[in-house]
Amino acid sequence: PAHHFLVGLAKTQFLALAMGVSACGQGLAAYGGAVAVGARTTTAVVLSIFAVIVISSVFTFFFALLGV
């Protein structure tokens, strides 16, 4: 139904923000050449995956409480 689509649109904004913040933060902290950039990229991916799991869980809990 339409409310599932709207819930997905709302959740997507927060997931994108979390991924962007973690990627930019790790990118700005990278120094020391290609090896450091590779390590920071791996860290950014791991943080993004963790953030997606946590944010999706919070949204699921929140929408379950609301009955959506």
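## Burial and surface

Of the 68 residues in the protein, 19% are buried. Keep in mind as you look around that this is a predicted model. The accessible surface of the protein amounts to about 4900 Å², and carbon and sulfur atoms account for 80% of that area.

## Overall shape

Let's step back to the fold as a whole. The secondary structure consists of two helices and zero strands. The C-alpha trace spans about 50 × 15 × 15 Å along the principal axes. The radius of gyration is 16 Å, whereas a compact globule of 68 residues would come out near 11 Å.

Together with Phe5 and Leu9, Leu6 makes a nonpolar surface patch of about 320 Å².

Now turn to Gln26. Its relative accessible area is 12%, and since buried means under 20%, Gln26 is classed as buried. Which residues is Gln26 in contact with, leaving aside its neighbours within four places in sequence? They are Arg40, Thr43, Ala44 and Leu47.

Conventions
Residues are numbered from 1 along each chain as its sequence is written. This is a predicted model: local features need pLDDT of at least 70, side-chain atom pairs count only at pLDDT 80 or more; totals for chains, interfaces and linings use all residues. Side-chain values use heavy atoms; hydrogens and water are left out. Helices (H or I, at least four residues) and strands (E, at least two) are DSSP runs, numbered from the N terminus. The radius of gyration is taken over C-alpha atoms; the globule rule is 2.2 Å times the number of residues to the power 0.38. Buried means under 20% relative accessible area, exposed over 50%, partly exposed in between (1.4 Å probe, protein chains only). Accessible areas come from the Shrake-Rupley method with a 1.4 Å probe; for residues, only the protein chains shown count as cover. Patches are made of residues with over 30% relative accessible area and no salt bridge: like charges are joined within 9 Å, nonpolar side chains (Val, Leu, Ile, Met, Phe, Trp, Tyr) within 5 Å. A salt bridge is a side-chain nitrogen of Lys or Arg within 4 Å of a carboxyl oxygen of Asp or Glu. Contact means heavy atoms within 4.5 Å.
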